[in-house]
Amino acid sequence: MVIQYTNWGIAYAYDNVIEINKKLKMYPKLKKMILEHEREHIKNPSFLSTLWIDFKDMFDFEKHFLMKKHLSWKIRLQSLAPVWYHKGNLNYNMFSIVLYSLIISMFFIVL
């Protein structure tokens, strides 16, 4: 498994690569938590596994507290992007796409 440092977002896993924000080097506990999450994505790359891993992560309040405490709003906002272009590739976060689709659907149902 290869770990690459980047200036964008928090972390992203693909193939056998984990890209993680270089600012996380200053916060070892948070970095460890995020790397464990991304390793799970590499071990379980299926669609349903990815959704389940991200769903469980919504309830990791300690990690979210540490991210809010140590990472800027810009970095946290970038991690919520459903689709982005990086290093010549169009990437996507399936959990964000599903979550935003549900929120938009509920909005239209209420109207």
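## Helix H1 and its buried residues

In helix H1 (28-43), the buried residues, meaning those under 20% relative accessible area with a 1.4 Å probe and protein chains only, are Leu30, Lys31, Met33, Ile34, Leu35, His37, Glu38, His41 and Ile42. The structure is a predicted model, in which local features need pLDDT of at least 70 and side-chain atom pairs count only at pLDDT 80 or more, while totals for chains, interfaces and linings use all residues. Residues are numbered from 1 along each chain as its sequence is written, and side-chain values use heavy atoms, with hydrogens and water left out. Helices (H or I, at least four residues) and strands (E, at least two) are DSSP runs, numbered from the N terminus.

The cover over the buried residues of H1 includes strand E1 (2-6), E2, E3, H2 and H3, where contact means heavy atoms within 4.5 Å. The length of H1 agrees with expectation, because its 16 residues at 1.5 Å a residue should span 22 Å and its end C-alpha atoms are 22 Å apart; the expected span is 1.5 Å times one less than the number of residues.

## Leucine 30 within H1

Leucine 30, which lies in helix H1, counts as buried because its relative accessibility is 2%. Leaving aside neighbours within four places in sequence, leucine 30 is in contact with Leu24, Lys63, Leu66, Met67, His70 and Leu71. From leucine 30 to lysine 69 there are 39 residues in sequence, and the C-alpha to C-alpha separation is 10 Å.

## The loop between H1 and H2

Asparagine 44 is found in the loop between H1 and H2, and serine 46 lies in the loop between H1 and H2 as well. Serine 46 counts as partly exposed at 37% relative accessibility.

Not counting residues up to four places away in sequence, asparagine 44 touches Ser49, Thr50 and Ile53. Asparagine 44 and isoleucine 34 are ten residues apart in sequence and 16 Å apart in space, C-alpha to C-alpha, whereas serine 46 and alanine 13, 33 residues apart in sequence, have C-alpha atoms 13 Å apart.

The buried residues of H2 are Thr50, Leu51, Ile53, Asp54 and Asp57. Seen down the axis of H2, these residues fall within an arc of 165 degrees, so they line one face of the helix; the arc is that of the directions from the helix axis to the C-beta atoms. They pack against helix H1 (28-43), helix H3 (61-70) and H5.

Helix H2 (residues 47-57) packs against helix H5 (residues 94-110) at an angle of about 75 degrees, with their axes 9 Å apart. That makes H2 roughly perpendicular to H5, a class that covers angles of 65 to 115 degrees. Axes here are lines fitted to C-alpha atoms, for helices over the stretch in contact, and angles run from 0 to 180 degrees between N-to-C directions. The residues that meet are Phe47, Leu51, Asp54 and Phe55 in H2 and Met94, Phe95 and Val98 in H5. By class, the contact of H2 with H5 has six nonpolar, no polar and one charged residues, with Ala, Val, Leu, Ile, Met, Phe, Trp, Tyr, Cys and Pro counted as nonpolar, Asp, Glu, Lys and Arg as charged, and the others, Gly among them, as polar.

## Aspartate 15

Aspartate 15 is placed in the loop between strand E2 (11-14) and strand E3 (17-21). Its phi is near 45 degrees, a positive value in a residue other than glycine, and aspartate 15 counts as exposed at 71% relative accessibility.

Terms used:
Angles under 35 degrees count as roughly parallel, over 145 as roughly antiparallel, 65 to 115 as roughly perpendicular and the rest as oblique. Buried means under 20% relative accessible area, exposed over 50%, partly exposed in between (1.4 Å probe, protein chains only).
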